[in-house]
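The following paragraphs lead the reader through a structure, from single spans of chain to the contact between chains. Please keep the sequence and the model in view while reading.

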Amino acid sequence: MIAWKIGGDQGEGIDSTGDVLATVANRMGYFVYGYKNFSSRIKGGHTNYKVRISTTRVEATTKRTDILVALNQETIDKNFSELDNGLLLADSVFNPVLPDNAKAQLLTLPLTAIAKDLGSVVMRNMVAVGASAALLQLPVEPFVEYVTAKFERKGQAVVESNRQAVEVGYQRVKEEYGHLLTYHLGEPDPGDRLVINGNDAIALGAIAGGCRLMCGYPITPATDIMESLVKWFPLVGGAVVQMEDELGSITAVIGAGFGGARAMTASSGPGISLMQEAIGLASVAEIPAVIVDTQRGGPSTGMPTKQEQSDLLALLQGGHGDTLRVVLTPGSIEESFEDAVEAFNLAEQFQTPVIIATDLSLSLWQQSVDRSRLNGPAQPIRRGATFSQEDLLALGANVFQRYQFSADGISPRSLPGEAYGQYLATGVEHSTNGKVSEDPSNRTKMMDKRLMKLQGVTQVRDGFKYEGPEDPDLILVGIGSTVGVLKEAAKQLGSKVGVAWFRTLSPFPKERVLSVLASARHVLVVEQNALGQLRQLMTAHETTDHRYDSLLKYNGVPFLPEEVVTRAAALLTPVEVH
Amino acid sequence: MATLQEFRTNEKSWWCPGCGDFGVLAAMQKALVAVGADPATTAIVAGIGCSGKIGNYINSYNIHVTHGRALPAALGLKLANRDLMVLAAGGDGDAYAIGMGHFMHALRRNVNVTYVVMDNHIYGLTKGQTSPTSQEGFKTKTSPKGSLERPIHPLMLAVSAGATFVAQGFSSWQPQLAALIQKGIEHPGFSLINVISPCVTYNKVNTYDWYKQSLQNLDNDPDYVPNDRTKALARLHETDELVTGLIYQEESTPYEDLIPGFKDTPLVHQDLHVDPHTWNQILATLE
């Protein structure tokens, strides 16, 4: 496993350089994980992109960097401490200086000058790609092949100069620093994999799950979902509407859900806060809606480009009044795909808003994913209980009761367009025919019906997953992108440590949580927020006890496996008491 | 063909006797019959306020949403099932205060929805506070010394914002109002029909008599042709929007016809599964 990183000023093509490396390494059969560190601005400011390349699956970033490519001095100053006897390749144009305490070998190459000689300074990144291929001891041909295809549209001259940029970068490293190249990645594991992020997975899952309308308002880090669907929806006859705000986005989704289409919106904390009132409407009027929250640093504008998991309690209880919501928390990119499909099924089956809570790291950082885990045509579509036109005609006019009471709390719905199925859907408390009612006994029964029906979700879905030994000394508990970090930490901690993660946060999978955690000597809840919201939730459901500890982080930087290992090791070490 | 009776419900009205909203309801039902609408394929989206109760009294598929958000819900519903005849309804508070943002964007988006605003220049359901269309100096419970703000001019705003159909009716002038709503429904795009709908309980200034004396009926002006944005604005400005009739209309292609790849078959009638060929096309963009 190798960790490669490139850094420079934002707007200098750092992202595309990292993408090239990740894509080509993935095609060669390696597993990649890409981590971009960026700010909420377009040009200027330090940015970097770390790609881990491995012969086995990777789903977290790490502290250590083996190869650092620096396009300016700031990159060295901010990142050299990650190098532990690693290589630092710097553009000689800025006269790089290696700090005294750096544990790295400095390699300089005139990246800018080489690019200029080939025609344009823009190709500096391609020189860096070629140089990186050499540093990683990877063959240059796949990179040349990729670049040739990538620039084909721009004409032969552009293809040729970029191809040369890659080759010259590669050759120069081989010639000047060949004696320093000691890394060996190992043999790749060929497979049919795509490099995608969680947002891609959600957009794919939405299409596979029958979603054909997306109404949204751009916000980091959710916007990719909208942009992907704009690209893909014309192929399946769907539509994306860029709304005027998030109030409009969620309400349009509810309108569409009432109409019988599968629709979604995607946002992050600030937008989700605006949607809270309407989510209550969908709950009370029993209208399917799917909402994605790609969490970021909060509250308010918070840290728009930084990782956090601090919306959890707001997602469960953020609106006024008594409601239960279905909140799904995928713990990987593959689970993001599965949950996107499932969200649309659950929303219609239970006639309710379903929220998918991801987070910035899970939604934006790319990873190698087996194509077989993204099988769109094979996904099930469950529409839930409905009255067909035949059913309604059999009933006759003015008989249909949209909100009739039932054993499981679910009332079959009619869809607009069907004769004799007309009704009023309203956010006002209503009787079984949908008309406004303030009758006390009706109110109690309606509230109970809505709360009770969602308990059925725990029967159709495993809300709490576990991987690890049967008699663990320690179970690490997390959600979202933290799950990948915990899995890597558990590997390092040895055979007596397991990882458990929530797939459903609401309705709370209490029985599963109790049974999974029963055998653990210690439980460490690892979450990225300051209030320990996940543990609070577990406590509220009476699943915690003296075995529990928390590891919290809220500085915007994703957890590193090393941090979890350090804390877990301290828990596992017996403390002498005198 | 559905009859007027088929568009009625047996729900007892919550409106005050004499409320202008009765006239709006009646005109809407007449317009629905006139265009040959079917209760099964008609949908009314309403907001919050006295006006928002209208869905209780029309037999169709009705959704009563949060305050100010009827138009986004109507958009979503129309895109879900473009075979539906979708009408939205709200009051001056719902449309021009809390819902103003959606109003402006619905105008420029031009989805095929008919928006009937019941404008009484006052907040009725909360028992008499200033509305965005209240006249300057208008005294209410929240403006005891008179409203300090200038009123919104929704019609001029609509014409300026790129509306393709703008009309105003008066709840007492039934034939004209029903005809305007009918034209609005038939218009292939977003249509605004602002309706003067007096509040007999809380607005003692803008009464039926006051409107009858103040309103100019464009139907009586053979020289007015509603196809010129500049002339429409001039007339609205001259009359301080105290006109009824069709103010502006242009040829229009509705939003849903412009969406790339969006089909004539409503979304609700399409197969939700994705076929393997299309799926591979999608995945290819990620390779």
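Residues 11-171 of chain A are 42% helix and 24% strand, and the end C-alpha atoms of this span lie 27 Å apart. Here helices (H or I, at least four residues) and strands (E, at least two) are DSSP runs, numbered from the N terminus. An unreviewed UniProt entry annotates these residues, 11-171 of chain A, as "domain: Pyruvate/ketoisovalerate oxidoreductase catalytic". UniProt positions are given in the numbering used here, feature names are shortened, and annotations may be inferred rather than shown by experiment.

The model is predicted: local features need pLDDT of at least 70, and side-chain atom pairs count only at pLDDT 80 or more, while totals for chains, interfaces and linings use all residues. Residues are numbered from 1 along each chain as its sequence is written, and chains are lettered from A and ligands numbered from 1 in the order in which they are written.

Chain A is assigned domain 1 (2-180), domain 2 (195-378), domain 3 (389-457) and domain 4 (464-572); such bounds come from an automatic or database domain assignment. Between the C-alpha centres of domain 1 and domain 3 of chain A there are 60 Å.

Two helices of chain A, α1 (residues 14-27) and α4 (residues 124-135), pack with their axes 10 Å apart and at an angle of about 35°. Axes are lines fitted to C-alpha atoms, for helices over the stretch in contact, and angles run from 0 to 180 degrees between N-to-C directions. The crossing of α1(A) and α4(A) is right-handed; a crossing is right-handed if the near helix is turned clockwise from the far one by less than a right angle, and left-handed if anticlockwise. From α1(A), the contact involves Ser16(A), Thr17(A), Val20(A) and Leu21(A), and from α4(A) Asn125(A), Ala128(A), Val129(A) and Ser132(A). Two residues are in contact if their C-beta atoms, placed from the backbone, lie within 7 Å. The residues where α1(A) meets α4(A) comprise 4 nonpolar, 4 polar and no charged. Ala, Val, Leu, Ile, Met, Phe, Trp, Tyr, Cys and Pro count as nonpolar, Asp, Glu, Lys and Arg as charged, and the others, Gly among them, as polar.

Further along chain A, 5 strands form an open sheet of mixed pairing, in the order β16-β18-β17-β20-β21. Two strands pair if DSSP finds at least two bridges between them. At the edges of this sheet are β16 (464-467) and β21 (548-552) of chain A, each of which pairs on one side only. On average, neighbouring strands of the sheet are turned by 25° against each other, direction ignored. Strands β17 (residues 474-478) and β18 (residues 497-502) of chain A are parallel and share 5 bridges, and Leu474(A) has Val497(A) as its bridge partner in β18(A). Across β16, β17, β18 and β20 (522-527) of chain A lies helix α18 (residues 510-517), at about 20° to β16(A).

Some backbone details of chain A also deserve attention. Most residues other than glycine have a negative phi, and most peptide bonds are trans. The bond from Ser506(A) to Pro507(A), however, is cis, with omega near -5°; Pro507(A) is in the loop between β19 (504-506) and α18 of chain A. Another cis peptide bond, with omega about 0°, joins Thr220(A) and Pro221(A), and Pro221(A) is found in the loop between β8 and α8 of chain A. Ser300(A) has a positive phi, near 55°, and lies in the loop between β11 (289-295) and α11 (312-317) of chain A.

The two chains meet through 56 residues from chain A and 52 residues from chain B. On the side of chain A that touches chain B, α9(A) gives the most, with 10 residues. By class, that side has 34 nonpolar, 12 polar and 10 charged residues.

A sheet also crosses between the chains: 9 strands form an open, mixed sheet in the order β15(A)-β2(B)-β1(B)-β3(B)-β4(B)-β8(B)-β7(B)-β10(B)-β9(B). At the edges, β15 of chain A and β9 (216-217) of chain B each have a single partner strand, so one side of each is left without a neighbour in the sheet. β15(A) runs parallel to β2 (residues 61-64) of chain B, joined by 3 bridges, and Leu424(A) is partnered there by Asn62(B).
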